[in-house]
Number of protein chains: 2
Amino acid sequence: MSMSHILSVDAMGGDNAPDVVVDGLSLFLRERSGVSVLLHGDEAKLKPLIGARPALKGRCEIAHTDRYVSSEMKPSQALRRGKGTSMWNAVEAVKTGAASASVSAGNTGALMAISMLILRKMDGVHRPAMTAMWPTMKGRTAVLDVGANIEADASQLMTFAIMGEAYARAVLNKKRPSVALLNIGSEDTKGHDELRGAHERLLSDMIDIDYVGFVEGDDISGGIVDVVVTDGFTGNVALKAGEGVARLVASYVREALTSSTMSKVGAVLASSGLKALRERLNPSNVNGGVLLGLNGVSVKSHGGTDAQGFATACALAMDLAASSYMDEIAENLKRTGTTQVAVD
Amino acid sequence: MSMSHILSVDAMGGDNAPDVVVDGLSLFLRERSGVSVLLHGDEAKLKPLIGARPALKGRCEIAHTDRYVSSEMKPSQALRRGKGTSMWNAVEAVKTGAASASVSAGNTGALMAISMLILRKMDGVHRPAMTAMWPTMKGRTAVLDVGANIEADASQLMTFAIMGEAYARAVLNKKRPSVALLNIGSEDTKGHDELRGAHERLLSDMIDIDYVGFVEGDDISGGIVDVVVTDGFTGNVALKAGEGVARLVASYVREALTSSTMSKVGAVLASSGLKALRERLNPSNVNGGVLLGLNGVSVKSHGGTDAQGFATACALAMDLAASSYMDEIAENLKRTGTTQVAVD
C-alpha cells in the first residue's frame, strides 16, 4: 500500500464523533478501492465500531490516543495543549508522510492553527485561505477565503486567486478555471483599495490565469465563474447568509406543499422530484473546506455533518492529494515574484 | 390636502419608466385614500398614461421636466448636471416641503448623492446608510448598511444601529426592536477592531437600545433580531449573495416539479401552495431601500421592479414620513454624545 493511498482521519472531531466518522468512512471506502485509512482516536471506542462495518475490514488502522481537541478549545490553547490529540496526530501523519491527506470534523479554529503549525505555509503564502464549494446554476464554484483571515490586502487576494485557480482545476475538472474578485459593483472604480490593487495586478500579465474582473454577490450562485476570491470576513458572511436563505426558501417550500389537502396530494405525486430537490439542498453533498496554502492537505468537514457529508470530505481530500495543485500554486507564485518579497 | 399626504415621485427612473411607475402609483393610490402624488417627468409622456388610469384621476399632479438622470451617470456627474432632472426635482420637493417623502427607481449612486446634497445629513450622522428589508423565518429584518458606504468605523456602526432601530420601530410595528452586529462568530473576541469597538459601545448603557450582540450571516434569515448592522460592503455582498441563493433554490424547485409527468401533475394539484410560494419569493413585496440619516425621506425602488414593487416602495415612503423615526434618531444620537464630536 503506497503512501498516496492512505487517508489520515481524526475520529474524535465533530458533533457526532466517532459514530458519524466511522459511518462516513464506511461509505467512502465502499466507493474507493485501493485506499486505506489511518484512524486517530480512542481504540476502545473505535474497535467495536470498525468491527461492525464490513467495508472497513482490513482497510482501517487505529492509531490510538485518548486525547482530543474539544469544541470549546481556543486556537491558542490547541497549539499549546493539542499535541498528542486525535486532531494533531491526524495532521501530523501528513507531515511525516504516513498519510497523503487528513480530514477532521473538529473545532475549525483549532484545526486551522494546528494545520498551519504542523504543515507550515508554502513559500510565498503569507496567509492560508479556507475554501468552500458553493452550488450554482451551472455546477459548483470555489469561494475563498471563507474565514481563515478577517482581512486581506491586495497581495494576499492575489495569492488567494492563484490558490483558488489551482484548487478548482484539481477538484472541478476544469482545465482553465475562470476567476473573479467579489465586489459591490462590476466597474473598475468600485471597492476598497485592496480590491482595486488586486484587480490591477490580476489584469497584468504576470500570471497566466483566466481573470474576468469583479463580480457581485448574486453572481456566485449564478455560477458565472469557477473561483470567487474575497477576504475571509466577507466570504464567511456571504456563505452563511446564503445558507440562511437556502434554509428559509426550503421552509417556504415545505409550507407551500402542506398548505392544503390538495397541495399535500400534489407533493406526494411530485415526491420523486422533491426528493431530488432535497438531495440538491443537502449540504452533505458539498461538505469539505480546505485550508489552501499549506504544504499538505488538511480538509475540514462540517462539525454537524452526516455520514454522507463526511464521506464527501474524505473524497475531496484524496482527490486533492492525487492532484498536482500544490506544484501549480508554487509555479504561479514564483511567476508573480511573491516568493521573493515574502516576509512573515 | 396637507403636506404630509403628498408623495413626490421620479417618473423617469428605472428600467421600465415611466410605465411601471404610473402602474405602481395606480396600485398604491387604490390602497391609500387621502394621499396625492407629485409626479416629476415628461408631461407629454405622462399625461396619456395618467389619463388611462382611473385611480390616478385628480390625485396626481405632473411637475414637468424633460431632463432625467441616466442609469450610466456617475454620482459626481449627477451632482454637477443633475439639477432640474426628474430625480433631483423629486427629492427637492421634500426639502421645500411640497411633499413629505420621495421615491425613485433610478440610478442608485446618483439618488444617494443627490439626496445627501439636497436633504443634508442629520446632525451627528457622518454617513447615511442604505437599509434593506430582508424576509426571514419570523417576518422581516432591517439590514443596514447595504451599500451607501464601503467602510464603517465603530462610531458609524453605532449610528447605524441607532438609525436602524428607529426605522424598524417605524415600519415593523415593533415597540422595542432588537439589534445585532453582523460578525463571523458570536464570541466577544471575534471580528475587526471596528466591530469590537461598536460592540463595546452598544453594550454600555449610553443609549436605550435592545442590543443583543453579534450574529452570523445565517442568523439574518433566521430572523433572530429585528435589525442587523454592518458596513456597506459586507451588507451589499450578503444581500446579493442571499438573492442569488434564493433564485438558485427557486430554479431547483422548478426543475423538481417538472422532472416527470407525475411531478407535473403533483405541481398542478399543489398550485395554490406554489402560488403562495412564488408570492413569498417575489422581491416586489420587500422592495424599497431607504437612505437613513438624512433630513427627509428618500426611498430607492429597485430599478427593475414591477408595478407591485413600486407600490410597496411608495407605501414604505409614506409610512416613514408619518412616523417619528427622525426625532427618535436625533434623540438617541444626542444621548450618545455623537452630535458633539461630529466633524465632517
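Where in chain B is the place of B:Gly82? In this predicted model, B:Gly82 is in the loop that links helix H3 (75-81) to helix H4 (86-96) of chain B. The residue has 25 other C-beta atoms within 10 Å and is therefore buried, the threshold being 20 or more. Apart from neighbours within four places in sequence, the contacts of B:Gly82 are B:Val69, B:Met87, B:Trp88, B:Ala110 and B:Ile114. B:Ile118 is 36 residues from B:Gly82 in sequence, and the C-alpha to C-alpha distance between the two is 11 Å.

Chain A is divided into two domains, of which domain 1 comprises 1-122 + 294-344 and domain 2 comprises 126-178 + 217-292. The C-alpha centres of these two domains of chain A are 22 Å apart. Their contact involves 29 residues of domain 1 of chain A and 21 residues of domain 2 of chain A. On the side of domain 1 of chain A that touches domain 2 of chain A, two or more residues each are given by helix H5 (108-119), strand S11 (298-300), helix H12 (307-322) and helix H13 (325-336) of chain A. H12(A) provides the largest share of this side, with seven residues. By class, the residues on the side of domain 1 of chain A that touches domain 2 of chain A are eleven nonpolar, twelve polar and six charged.

Within chain A, strand S1 (residues 6-10) is mostly covered, and five of its five residues are buried. The cover extends to both faces of S1(A): A:Ile6, A:Ser8 and A:Asp10 are buried on one side, and A:Leu7 and A:Val9 are buried on the other. S1(A) pairs with strand S2 (residues 36-41) of chain A in the parallel sense, over five bridges. In this pairing, A:Leu7 has A:Val37 of S2(A) as its bridge partner.

The bridge partner of B:His40 in S3(B) is B:Ala63. The chain passes from S2(B) to S3(B) through helix H2 (residues 43-51) of chain B, in a right-handed β-α-β crossover.

In soluble globular proteins, nonpolar side chains tend to be buried together. The largest nonpolar core of the model contains 243 residues. The residues with the most contacts inside this core are A:Cys314, A:Ala317, B:Val229, B:Cys314 and B:Ala317. Residues up to four places away in sequence not being counted, B:Ala317 touches B:Leu7, B:Ala101, B:Ser102, B:Val103, B:Val297 and B:Val299.

The contact between the chains takes 55 residues from chain B and 55 residues from chain A. On the side of chain B that touches chain A, the elements giving two or more residues are strand S5 (129-136), helix H8 (217-222), helix H9 (232-256), helix H10 (261-269) and helix H11 (271-281) of chain B. The largest share of this side, 21 residues, is from H9(B). The side of chain B that touches chain A has 30 nonpolar, 18 polar and seven charged residues.

Most residues other than glycine have a negative phi, and most peptide bonds are trans. Two peptide bonds of chain A are described here as cis. The bond from A:Ala17 to A:Pro18 is cis, with omega near -5°, and A:Pro18 is in the loop between S1 and H1 of chain A. The bond from A:Leu144 to A:Asp145 is likewise cis, with omega near 0°. A:Asp145 is in the loop between strand S6 (139-144) and helix H6 (154-172) of chain A.

In chain B, B:Arg120 is not a glycine and has a positive phi, near 60°. B:Arg120 is in the loop between helix H5 (108-119) and S5 of chain B. With 15 other C-beta atoms within 10 Å, B:Arg120 is partly exposed. B:Asn173, also not a glycine, has a positive phi of about 60°. The loop that holds B:Asn173 lies between helix H6 (154-172) and strand S7 (178-182) of chain B. B:Asn173 counts as exposed because it has 10 C-beta neighbours inside 10 Å, the limit for this class being 12 or fewer.

Conventions. Residues numbered from 1 in each chain as written. Chains lettered and ligands numbered in written order. Predicted model: local features only at pLDDT ≥ 70, side-chain atom pairs only at ≥ 80, totals over all residues. Core = buried A, V, L, I, M, F, W, Y, C linked by C-beta atoms within 7 Å. Contact = placed C-beta atoms within 7 Å. Domains from an automatic or database assignment. Helix = DSSP H or I, 4+ residues; strand = E, 2+ residues; numbered from the N terminus. Nonpolar A, V, L, I, M, F, W, Y, C, P; charged D, E, K, R; others polar. Pairing = 2+ DSSP bridges. Right-handed = clockwise from strand over helix to strand, strands pointing away.
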